[in-house]
Structure formats: C-alpha cells, structure tokens
Amino acid sequence: MSPRAKLAIIFASALALAPAAFGYVGPGAGFAVVTSFFAVFASLVLALFAFLTLPFRRLVRRIRRRRALAKARVGRVVILGLDGLSPKIVGEMMADGKLPHFARLAEEGTFKPLATTVPAVSPVAWSSFQTGTSPARHNIFDFLTRDRATYLPDLSSARIGPPRRYVNLGKFRIPLGKASLRLLRKSKPFWKILGDHGVFSNVIRVPITFPPEKFHGVSLSAMCVPDLLGTQGTFSYYYEEGDASVSEGGQCIKVERNGREVSSHLLGPDNPIKKAGGQLRVPFNVRPGKRDREVEMSLDGARVKLSVGTYSDWTPVAFRAGLGVRVRGIARFLVKSLQPFEMYVTPINVDPDRPALPISHPYIYAVYLSKLLGRYATLGLAEDTWALNEGVINEGQFLEQVRRHHNERERMFFDALDKTKQGVVACVFDTPDRVQHMFFRYLTPDHPANRGRDTEKYAGTVEDMYVKMDELVGATADKLAPGDLLIVMSDHGFTSFARGVNVNAWLAREGYLTLKDGAAGGKWLEGVDWSRTRAFALGLAGIYVNVAGRERQGIVPRDGVTALKKEIAEKLKGLRDDARGRVAVRDVYDLGEMYSGPYLAGGPELVVGYDAGYRASWDSATGGTAGDVFEDNVKAWSGDHCVAADLVPGVLFTNARVTTKKPHIVDIAPTVLELFGVAVPSYMEGRPLELELPPEPEEAEKDVNEKA
Amino acid sequence: MWYFNLALTRLFDALAWPFQRWPAGGLLLISALTGVAMLLVFKATSNQRAIRRTRDLIRAHLLAMRLFRDDARVVVESQKKVLRTNLTYLRYAVVPIVFILPIVVLIMVQLDLRYGPAPAQPGEAVVVKAIFNGAVDDDVTLAAPPGIVVETPALRIPYKHEADWRVRPAKAGRFELSLKSKGATYGKELVAGEAGVGRVSSRRVSGIWSQLTNPGERPLSGDLVAIEVKYPSRQNKLFGLGVHWVLTFFVVSLVAAFALKGVLKTEV
C-alpha cells in the first residue's frame, strides 16, 4: 500500500469519528459541489434554452423561406479531402490489392481523375472546390501575389493588419479594437449558400478559410492561419556549439550554458501594447533529469518534462506584454541532444484553447475541439517541411509530426461525423501532400536529392501513407448512414521535382527582365531595373507583365500586353533542359484566354506548365533573378504538383456512380448544392456531376422483391 | 492530545489576537487562509491532470450544446455526457476531500470555540450539565466561586446518567465551577459577560476523539464523561449583518480559493 493510501485511510478513519455537528465538509467538498453544480446547472439551462427556442428558430427559418433539407436528395454529404492524393499511385496500388477500401469504393461507386486548376496548387484548387469558380472569380492564383506598388510578395488569401485606433498611455499604446483580418478569397463557398437555405455544414481544415466566415454551421480554418509571429511557420533551433543558420522558415538561437543547465528564451510576437517594447520573450532553462534521457525544462515558472529525441505534447506558452495582457500560443519541444545542447521548437501556434485571433466559426468551435480532444496544431501549414528541408529535424522526426497532426485531424473529423448527421461534413487531410513533398525522392531513384542520402530507410513511406489513407476511407465508410453520399477527393496529384527552372533568370537571359547596373540580383526581385523590365516571375508558376499604369513602375503599354504574352509563351513553351536532354516546359497558359472574371487582373498574365520532374526553382519562387536557368533540386522537398495541370489531376471517389466523363474540381460545389435542392448560382462555372445515387435501403429491398 | 490541542489553540489565539476589537476580521482572515491552504492541499493530493481533463470535457459538452443546438439528438447526448463526466469529476474530488476534511474539522473546532457560543450574561441563568459513565452519585454537588449563584440542587436524569444545575452569574469574568462526585473534584470554566473575541469552551470532556472536537479545556479523567455549560449562541456581526460564522467561513474560504486558483495553478 502506498504511503498516500495509508495516509488517506488514517484521515478517513478520523473523519468517520468526527461528530455530526461538523458535518460541513469545508472548502474541498465546496470546490466539488460548486463546480459540479455549475456544470449541471449550465447544461440544464442550455438544454432548456435549445429545446424552448427550437420551434421559434424553425419558424424563423420558414419565414425566411429556408426549407432545410426538404428538397434534399441525400441525408448528408461527407467530403473527405486528401490533399495531393495521386490517381496514378492509387490506381497502381489498388491493382496490387493494397488499398481494399478505395477499391471497394471504386467498384461500388466511382473512381475517376478529377481535373484541377491552373496552376495546380492547393490554395487555388481548394478555392475552386469551395466556390465552384475559377481563379478569375475567386481571386486566388497562388500562395503569393505581388504588391503592385513595391513588387514585393503578399500572402494571396488573407490580409492581417494592426488595429486601426490606439490610445497612448505613457509607455503603453492600447489598441482600441482587434487586429484587422480580411479574407481575400472572393465568391461564396457552397456551405454558405447551403446555410442560407438552412443546411448545416461542418467544415474542418479546408484550405483558404482564414479568417473564418460566418455561415450556418461550424468551421475550423486551415491554410494561411499564421503562427504567433505572424508568419506561415517559423521554427526555432537552439544550439550550443559553433554557428548555425537556416535560409528559410526558421531562426537559430544560441543558448547559454551554466554548468549542467542551459538557458535561453522563446521569441514571440512584437509587444502589441508597449511602445518600443520589441519582441516578446519567454525565458526557459533546461537541465538533465534524474533518469537517462529525461530532461527538465523550466518554462516561465512551469515545469515541463521532456525526453531526448521525443516530441513534447503541445505546451502552452504565454508571452506577457504588460498590463496583464498575455499572448498565448502552443509549441512542441524536441531536445535532440543534451551535450552539446540542440533543441528544435515548432512554430508557436495559436493556442486553440484561448485563440489570440479567430481561427474558427464560431469562435468557440476551436475552443470546443481543444477541450474535447486536447490542444492541436492550428498553423495553416502545420507540418514543418522547412525544418526538414533545412536539416534541423530528420525524416523520422518529420514523420512523427505528420502522424500526430493526422491523428488530431482524424479525431476532429470523426467527431464532426458524429455530431452532424444531416447536412455537410467536409474535412481536408494534409498528410498525403506533406509526405509526398518530402519523400517523393524515394520513388525516383535518379533524383538529385538522393545524392549522398540514404534511399532505403523510408523507401516505403509514400506507400505506407496511401495505406493509411485507405484505412481512413474504410473507417469513414463505416460511419456512413443510408442515404449519405461519400466523396473522397484530392485537389491535385503529384510528381517528382528533380530540376528547378529559374524563370526570372530565363526572362533576364531573353531580355525581358533587366538588373540595375552592377546589381547581382537577390531575393524578392532585388536589384531589378523596373524601367527596363517588361516581365517578372513570382511564386510557383506565375509570370507578371510590368504593365504601365497598373504596376507603379510599369513600362508595357496595355495594348502591348497581349503581344508580349504571346511572345513569351511561344519562347518559353518547349524550353529544353540541355543537361538532361528533356523538355522542361510543357505548356504556358494565358490566364486571360483560359478564365474570365472580375479578379482576372489580380493574377499573373501567364502560368508556366512544367513537365513532370520540373518546377519553378527555389530562387525563382522567391523572386530570385541570379544564377542559371536550370538547377538540381537537392532539398528534401523532392515531390511537387506545380506542373502542367493535365499531368497532376486529383482523385474522385464516391459511393455513387458518376457518369460525367471528365469531372473537374469546380464541379463539386454545384454538385453539393444540387444534391440539397439548392439552385446553383449563375456565377459558378462548375456543373453538377451526373450522379446515380445508391438506393435507400427500403427502395433496394423493394427492387429485390419486385425482381423476385 | 491535550498538548496537540493546546498548540493549535495557541496558534489560533495568535491569529485572532490582532482582531480583539473586530472579531469578524479574525473570522474573515482565518476563513481566507483556510481556503488558500485547502486549495494547496487539494492541488497536492488530487490528480490535477485528470481533473483538468474532466473539466475540459464538461466544458466541451456544454459548448457542444451551444454549437449544435439545432440538433436535439446532440443536445440530449451532450446533456448525458455532462452528467456522466460530472460523476467522474466527483470521483476525482473524493481523494483530496478525504485529506482536507480532517484539517477543516480541526480549524472549525477552533473557530467554534471563538465564534460559536456567547458568554453567559450577568444576571441571566445558564444550565450546567454533567454526564457520568455510570449512575449519578447521590451526593453529587456543584460549587461556584463568589459572583456565581447555583440556583438549583442537582436535577438527576438517571437513564441518561446526567445531572443538571441552573447557575446565574452575577458579574462578568472567567470563573471555575467545582463539581464533586464520589470523592473526586472536577473543574469547569464558566465565562460571563466578556465582550469581544475570546475562547468560550462549552464542554470539558474525556476521551481522545472527544478532546479533538472540544479542545478548550484539559481533558477529564475518572468517572465523568463531560461537563457542559449551555451557553447562548453568539451573534456575529459582519458589516452590520448578523451571520452565522459557519456561513461566513463557507463563503469566504470558497471565494478566496476560487479567486486564487489561477495564481496557484490549481484545478478544482
């Protein structure tokens, strides 16, 4: 018996002998009674409120002519988004019998390639998925867009700005109101239209849903939710010996050692209320624990137990800004080595338990998920591909991150399936995309990234991931009710990224882009002489014309744009990589010819359709202008999809027969609307898929009886 | 046990000493300190992680009732889960309560000594009761010092092994009554007319566990089980309101604990 148990028995005995006059049991029982009472009381009030107001809410909906679900052909539409799932790989593995659940769906329903957008990148494709429109109507052309005044990159989907008004109070500057958040994606997602007709939707981590929009349902934002620093993910690497630096996505901080203990600090956002407050910090100390590989971390007064080589759980971090204001985040810690000290810290995510900015609709949905399932990753691109690219974590550690995030998502998704029995449940899993980006080299033996690297240990990772997705599909299918429609889809497929094409270097070589005299050309179009530059590239595929009157230093007259586009496209299409003896550019798309819509002018004039194995080089994507046109891609990020769209369609699986010959990602939104009997808005470019829904169980039985 | 009681009584004397002119202040201070101390005991003896998780689940189910309020099925299910999780929470609260309860009993005994009974008022009669182990001695007598009048002979209640007297203090002060039975003499303090905070011991007892809850006087030995003075209840004034000290203690200790649970990082 433990000492604590013995003590408890002694106390309990003493208690039993206490006279009845002291029946009052003091604060201990008081805590329990008060807490329990409030929980029960609150639940009763909420239940009563929900039941009492239900008829009124239904009446209001009727008055607004929302005849929820009255015309629906399905009870529920479940959309399982598997970002980047390739129809080619799925097809091959199904043929080998490795994906039984996908195979069953294909046999009983449909498996078809799902045509994707130009360019074939997630923010564009998922925006088209949700709005049923092309980029010219939803305004998302890439991850990045350019500032027409400065030529610097901007996030394409959201604008986060400081509060508009402040009050000065000595050394403090108190914001009046919240930070301004603006979603730059235009058009309406289909769940908002459904909501207007009373159909409830549960939307989890669908890209380009930040900041969250109001609608009849709940949503958790995904891609483009920033970390606490306001970036799309900045990891921290703490080290003791030598010098360390990373080129992208992270920061290196040297620790101080004092005997067995090392100390440093977490870097947070700029102080939001103090003038010249600088970047907020949370100090920490790390020392070896009592057991082997155990590490004790003191983080702002709290003790955190870590183990060398193992990620911590999500750990809350509070940055004190002054006047009682705290900016709260969460991070995972990975001590790689104690002597010399090396530690990786994930980007500091917004704490879903107490979000510093809205990451869900309604605001409490993120809190609800956190309370129910525990804290979870909130960063848009949660898996830290940069840290693996920079060698700060290894492939095993990256996969562990992916596994944990996937499990978090799975539990959210299954809860959504449990809570939403009518309407729409849509959830996107990023696992296929992240794993293929970082492990595609294993599928292409001659990939430049394989040089000097192991090619065996994780050779089965991509295949294992597809098997895992198959299990997810199976588990999802098990949770369907009769009358539910399951759509398993991806936004694009995947291919190898072995060679990078620096489009800016090519534009410079061809005389379309000119550097200032003596300029070497750096990132973000540094050193470009705009008075002599007619076109430039930024982002993963876009080429912009430097149009007079549109760009601040534009020189190409509007009537000369078409001819210039044609000239560049003709030269670039079929561009050969002489070192490999291959064509690198399969097609060049003129967006003006492909798309029409009010936001066309916001996108690039041309999009480069690379051949398989090629993509915009790392330098080109960040506006680099120097160097060779072609280069080997030796980073861990070895697979990609930003190539000619016809090379990387997504997948479409449904448990209903789809007779449409060539389904496109823009068709999904109108299809869902049509299934619920809601008229498809005229601005939508997609068309409802022709579906043969599985019969309801009663109908199926009737058919069988009739045949008999 | 007597020395344990003595030490505890002295400690509480010291705590109450600054509040002789404002007794309610002492009650507030001790209640608040008790709340905080019990919070720390709760933290040390409970499974904080499990309690946090349970409370989170309760909150999640409550939030589910708001988020999915159009779906009666979810509302009913969440309601059930709140009740079920509440039981789990109560289960986790049992262990710390077992630890806290005896400590609180000792504190309350000390508070009762100071805020429970009021001293007898000069000129007003009180009853003194003696309880014996066996039959009441025929010659049992109660003697009082000058200033106290024993108004009645012993009233014997044989089936209760009890003898009662009515006594009337004529002046204020702390007096020692003297009870004689079977050749032995037993003392009992009687407090009359003292204003302000001060210990008023109703019972002098024998037996270890009885001493625990009646710590004001030395334990009895011999034939007597207890001698008790039936004092009137004390009217404690708190900001002009007459409030029973138990209620004050309950509210203040809880408020202090809930107010500081964030600072002390305790889940309750």
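Predicted model: local features only at pLDDT ≥ 70, side-chain atom pairs only at ≥ 80, totals over all residues.

Residues are numbered from 1 along each chain as its sequence is written, chains are lettered from A and ligands numbered from 1 in the order in which they are written, and side-chain values use heavy atoms, with hydrogens and water left out.

**Stop 1: the domains of chain A**

Colour residues 233-350 as domain 1 and 504-640 as domain 2 of chain A; such bounds come from an automatic or database domain assignment. Taken over C-alpha atoms, the centres of these two domains are 40 Å apart.

**Stop 2: the largest pocket**

Next, select A:Trp314, A:Pro316, A:Arg375, B:Arg52 and B:Glu267, which lie nearest the centre of the largest pocket among its 47 lining residues. Elements giving two or more residues to this lining include strand E18 (315-322) and helix H10 (395-419) of chain A, and helix H3 (48-67) of chain B. Which element gives the most to the lining? That is H3(B), with 8 residues. The space in the largest pocket is about 2,200 Å³.

A pocket here is an open set of points on a 1 Å grid over the protein atoms alone, where a 1.4 Å probe fits, with protein on both sides within 12 Å along at least five of seven lines; lining residues have an atom within 4 Å of a point. Points are joined across faces, edges and corners, and the volume is the space filled by probe spheres set on them. Helices (H or I, at least four residues) and strands (E, at least two) are DSSP runs numbered from the N terminus.

**Stop 3**

Buried means under 20% relative accessible area, exposed over 50% and partly exposed in between (1.4 Å probe, protein chains only). A:Phe439, one of the buried residues of H11(A), has a relative accessible area of 0%.

There are 28 aromatic pairs over all chains. Rings of Phe, Tyr and Trp (its six-membered ring) pair if their centres lie within 6.5 Å; planes under 30 degrees apart count as stacked, over 60 as edge-to-face and the rest as tilted.

**Stop 4: a ring with a charge over it**

Select A:Phe413 and A:Phe414, both buried. Their pair is tilted, at 5.8 Å centre to centre and 35° between the planes. Then show A:Lys479, which lies over the face of A:Phe414 at 4.8 Å from the ring centre. A charge sits over a ring if NZ of Lys or CZ of Arg is within 6 Å of the ring centre and within 35 degrees of the ring normal.

**Stop 5: two strand residues**

Is A:Phe341 buried or exposed? At 1% relative accessibility, A:Phe341 is buried, and its place is strand E21 (residues 341-345) of chain A. Beyond four places in sequence, its contacts (heavy atoms within 4.5 Å) include A:Tyr238, A:Arg257 and A:Val335.

Finish at A:Arg146 in strand E3 (residues 144-146) of chain A. This arginine is buried too, at 5%, and among the residues in contact with A:Arg146 are A:Phe536, A:Tyr544 and A:Glu551.
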